[in-house]
Amino acid sequence: MKILVCVSKTPETTAKISFSGTDFETAGVQFIMNPYDEWYALVRALELKEAHGGSVTIINVGPASNDPIIRKGLAIGADDAVRINAEPKSALTAAKYIAEYAKTGEFDLILTGKETIDYNGSEVGGMLAELLDLPYISYANHLDVNGTTAMVSRDIEGGTEQVEVATPIVVSAAKGMAEQRIPNMRGIMMAKRKPLNVIEPGAASDHANVVSYEMPQGKTAVKMIDPENMDELVRLLHEEAKVI
Amino acid sequence: MVLVLADSPNGQLKKGSFEAVTYGKKVADAMGTQCAALVLGSVNDAGQLGQYGAAKVIHLNNDQLNNFDSQVYTSVVADVAKQVGAQVVIVSHSSAGKSLIGRLAVRLDAGSVAGVNQLPTVDGGFKVKKNVFSGKAIAEYEISSPVKVLSLMGNSIPVEATGSAVTAESMEVMIPASKVTVKDRKTIDGTVPLPEAELVVSAGRGMKGPENWGIIEELAAELGATTACSRPVADTGWRPHHEHVGQTGVAIRPNLYIAAGISGAIQHLAGVNSSKVIVVINKDPEAPFFKAADYGIVGDLFEVVPRITESLKKYKAAN
């Protein structure tokens, strides 16, 4: 089974977000592999490979400064990696670059995280599936493959849905798929010798771009209420906040 | 034309659909055009969407559309969008909508923005805002293509029933065969799913054990709220996985979020910080959650939570 895992670079969860003009201020920000790509998509891909054989390739769209993040994926256990040497300007351009590569590889499974923790769009998986004309199962909390049949359980509002679908497919991975793996020293050493192929991108147009950023309005200071006087809380929720 | 796909999980039109049609009507007004709603599969009373501003309701009442398959739905929605000449296609940012938006954007050669929470501005370019960095910032996008696709975050706009029901009509659309077979579906009956809930009562490790959840359920019942929990509580199996709110769980934006015994780690805040009003109950006055709260109560939740339930009862009896 050939598995392609799409990994994105995101600011670390606790990073302070600021902007200089219309650009995201990267100074002092630590970047990581998008947690959903790493914990759920990549680790489940490795588990499936361990159970069924095959290979796991990770793909990233980004500049050379992303290489440490890609190497981490190799250290966790991916066999090889591809970096499309382009700034991922939008979900659509990233999806087009990845689809272009995926067409050459005959992958049985293409996995992404459920969304990235920076732009929170959840779009790339669906775009890839459409560009490749494949079924797409999003927010999967479980994925098993038997021959060419995939059994996927996915999150829906207030519950889960189980579906069966023939591979090749695109799946976005949510909590429940797998548990985080910490790379060990052997993995880190081996990662240095694993192939990381850099591919120059073709042309990719898009139609939606960020034109400006703003910070959310700061919360007004918290109003502390006497724990003995919950009538006051109910009054405030009704009269001041108007939520009940 | 603005085309809104109305979600109908289990054959039911829900609040998310009414919000999406309300939003679609306002977008249509701003653009000087009309809003059409699209309903797929067996659904009762699709015409009610007229009340929320749909000038036209297209209902494809076909059994092949009862189960959601992003590939089939994309084909059908794109076909309808072309037939009605849609300039904007709107879906809910729901499990179905999130699977669809990227596909639709590719199929319609459209620019897309996922998870918008405000109305667009349409003079001098089509611009629309959404929360990014898990609610730590807001980005404004400009969409330059003739067709635009948006997914609307739940609880972003109040439902407005200003119109009247219309008679749903059908349309000739090719429905491709689905490659996905639904084997089983399990949903919790009787409660409002978390992404749609306007009032949420949530609790964390401060509860000490699952046997203590009665006070949370009583408060939720008194409020008519949905219950939620923090990650450690779901991970240890005290509460079901689908109740977990936060970055790795469900992201929600209710009108009221009451958090008892949750310290407020940044990963938890990322999933709830778009709530309109946050009430935090914690015995530790240094709990970081108080910085994100509107109302704070420092005290023992085993005393404070039942007291809130009692005060609500008194308030209800008096009003």
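Begin by selecting chain B of this predicted model, where you can trace seven helices and 14 strands. Of the 319 residues in chain B, 58% are buried, and among contacts in chain B with a separation of 6 or more, 65% join residues 24 or more positions apart.

Next, colour two stretches of chain B separately, residues 2-152 as domain 1 and residues 194-318 as domain 2, as the domain assignment gives them. The C-alpha centres of these two domains of chain B lie 32 Å apart. Where they meet, seven residues of domain 1 of chain B are in contact with six residues of domain 2 of chain B, and the side belonging to domain 1 has five polar and two charged residues but no nonpolar ones.

Now show chain A as well, and look at the contact between the chains, which takes 63 residues from chain A and 77 residues from chain B. Several elements of chain A each supply at least two residues to the side that touches chain B, including α3 (91-102), α4 (124-132), β9 (136-146) and β10 (149-156). The largest share, eight residues, comes from β11(A). By class, this side of chain A has 35 nonpolar, 16 polar and 12 charged residues.

To find one point along it, select Glu164(A), whose bridge partner in β9(B) is Thr181(B).

Finally, go to the largest nonpolar core, which has 132 residues, and where Val5(A), Leu128(A), Val4(B), Leu38(B) and Val77(B) have the most contacts inside it. Helix α1 of chain A, residues 35-52, gives the largest share of this core, nine residues. Select Leu128(A) and its surroundings: leaving aside residues up to four places away in sequence, Leu128(A) touches Ala95(A), Ile98(A), Ala99(A), Ile110(A) and Val170(A). In soluble globular proteins, nonpolar side chains tend to be buried together. As a last stop, select Leu233(A), Ile216(B), Ile258(B) and Ile278(B), which are among the 52 residues of another core, lying apart from the largest one.

Terms used. Residues numbered from 1 in each chain as written. Chains lettered and ligands numbered in written order. Predicted model: local features only at pLDDT ≥ 70, side-chain atom pairs only at ≥ 80, totals over all residues. Domains from an automatic or database assignment. Contact = placed C-beta atoms within 7 Å. Nonpolar A, V, L, I, M, F, W, Y, C, P; charged D, E, K, R; others polar. Helix = DSSP H or I, 4+ residues; strand = E, 2+ residues; numbered from the N terminus. Pairing = 2+ DSSP bridges. Buried ≥ 20, exposed ≤ 12 C-beta atoms within 10 Å, placed from the backbone. Core = buried A, V, L, I, M, F, W, Y, C linked by C-beta atoms within 7 Å.
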